[in-house]
Amino acid sequence: MRRAIVLFLCNASILSNAQLQVTTIAGSGLEGNANGQGANASFYLPYGVDVDVSGNIFVADYANHLIRKITSNGTVSTFAGSGQNKFENGIGTNASFDNPFDLTFDASGNMYVSDLSNSLIRKITPAGVVTTLAGCGFQGSADGTGTTACFSNPQGIICDASGNVYEADQGNVMIRKITPSGAVTNFAGSGDNGNGNGTGKDASFASPCGLAIDAYGNIYVADLANNLIRKITPSRVVSTFAGSGEQGFKDGTGNNASFNSPSGLDVDASGNIYVADLGNNAIRKVTPEGVVTTLAGTGEPGDVDGDTSIAQFYWPSDVAIDKSGNLIITDLKNNKIKKINMNITPTGITPSAIASDVKVYPIPASDYFTVGLTIKNGSDVRLDLINSEGLKVISSTGFYESGNQELTLSVQSLTEGLYIANIYAGNQMTSQKIVIVK
């Protein structure tokens with residue numbers, strides 16, 4: 001049997017968390033609904049957050065009953081909602097919500113909002129036209145289409161590549177699926193509190209909160225009351241991805257790690273999961289292998305920007321990844337929107353593309369293969385190994401200083417066949433090579 005993947009980084013300089021910085025994008029820290037730039041704007045318990053394809057940040061401003069927009073220069077405006085806690089469809093501020101909890105986008109730029117106290121899933125077009133996608137308007141658990149379906153405290157929400165919407169139906173202890181036509185079904189969850197793994201309704205959750213989806217259609221659930229991160233495959237198989245189930249604050253791998261009321265999460269292009277660990281006042285990172293580390297937050301509630309080793313949050317509720325790979329965080333009790341810049345490089349080194357002379361050897365490979373790189377001025381490097389079904393089977397990342405470098409990976413765990421190695425500098429693919437495994 002072939003052994004697990006082993007990664008060697010030769011002459012690489014990996015960025016530490018200590019070089020990452022937490023900053024405040026918007027919010028005075030006071031409860032309010034003022035529009036304006038940066039600290040001149042105010043929020044009231046901002047919960048869910050997402051970023052559109054243009055880089056604009058959108059916030060479910062829970063206690064203000066509004067959907068807020070933040071542009072790249074930090075200007076805050078009201079995108080939709082009258083500010084009154086009621087139900088009304090319409091355009092922009094002529095529409096109304098009642099405790100909007102979370103939001104997400106489809107490929108066409110339409111936004112979907114979990115309107116918690118209205119027990120509805122709302123849709124907002126890019127022009128700000130608000131309609132109801134599904135929900136009867138009162139708490140219930142009925143499947144059906146449009147207004148014949150019922151939800152109970154809909155919370156986290158995410159959209160897949162086909163336009164299907166998934167929502168964490170907290171009151172019904174289920175993950176529900178909503179097609180683009182508004183047909184609602186139970187995707188996973190028995191409807192009873194528990195932490196059982198299984199397929200579809202044979203699995204159970206306890207206060208499922210945030211949702212995220214990766215490139216392969218796997219859905220990750222911040223299972224808040226279970227203190228777990230759960231995974232649901234496209235075939236509805238539910239498993240525990242990380243967490244012991246005990247309330248705690250411990251880094252580690254898989255069930256050796258612990259969380260305290262994980263609330264929101266997002267997945268980057270390499271399959272890393274970032275978790276708003278609300279009860280621990282921290283942002284946690286979970287690798288595709290299930291290794292949990294603390295990215296930012298001391299564990300104590302506070303409002304401190306700066307180096308991630310000293311930064312403090314007060315109930316971070318959600319996290320979203322922008323198009324540059326930075327983390328956008330809703331800092332709930334601080335009434336602020338914060339950011340972790342994930343693209344900082346060492347002083348004096350400017351990232352640039354990898355040179356064209358990328359070599360892969362040996363071909364064929366039976367145990368290991370090596371990628372030889374020539375780096376100019378230092379660069380973040382990512383290698384994704386893709387199998388014949390288009391699935392990513394290996395992904396490795398690191399920061400490489402200038403010069404000739406080598407990256408060696410094990411293929412002992414892989415079956416024989418052809419694989420494609422995609423090599424990235426920053427977010428841009430600079431080379432593609434064939435790897436033959438025998």
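Two strands count as paired if DSSP finds at least two bridges between them. Helices (H or I, at least four residues) and strands (E, at least two) are DSSP runs, numbered from the N terminus.

Hi everyone, thanks for coming. What you see above is a predicted model: local features need pLDDT of at least 70, side-chain atom pairs count only at pLDDT 80 or more, and totals for chains, interfaces and linings use all residues. Residues are numbered from 1 along each chain as its sequence is written, and side-chain values use heavy atoms, with hydrogens and water left out.

Let's start with strand β10, residues 111-115, which pairs with β11 in the antiparallel sense over five bridges. Tyr112 stands opposite Lys123 of β11. Four residues separate β10 and β11 in a hairpin, and Ser119 in that turn has a positive phi of about 55 degrees.

Now follow β11 onward. It pairs with strand β12 (residues 129-134), again antiparallel, over four bridges, and Ile121 has Ala134 in β12 as its bridge partner. This hairpin also has four residues between its strands, with Gly128 in the turn at a positive phi of about 90 degrees. Is β11 (residues 120-124) mostly covered or mostly open? Mostly covered: four of its five residues are buried, buried being under 20% relative accessible area, exposed over 50% and partly exposed in between (1.4 Å probe, protein chains only).

Next, an open sheet. Five strands run in the order β13-β17-β16-β15-β14, with antiparallel pairing. At the edges sit β13 (144-145) and β14 (154-159), each pairing on one side only. β14 meets β15, residues 165-169, over four antiparallel bridges, and there Ile157 has Glu167 of β15 as its bridge partner.

One residue I'd like you to click on is Thr75, in strand β7 (residues 75-80). Thr75 is partly exposed, at a relative accessible area of 29%. Its C-alpha atom is separated by 6.3 Å from that of Gly38, 37 residues apart along the chain. Setting aside neighbours within four places in sequence, Thr75 is in contact (heavy atoms within 4.5 Å) with Gly36, Gln37, Lys69 and Ile70. The side chains of Thr75 and Asn73 are joined by a polar contact of 2.8 Å; such a contact is a pair of N or O atoms within 3.5 Å, where, within protein, one must be able to donate a hydrogen and the other to accept it, and residues adjacent in sequence count only if both atoms are side-chain atoms.
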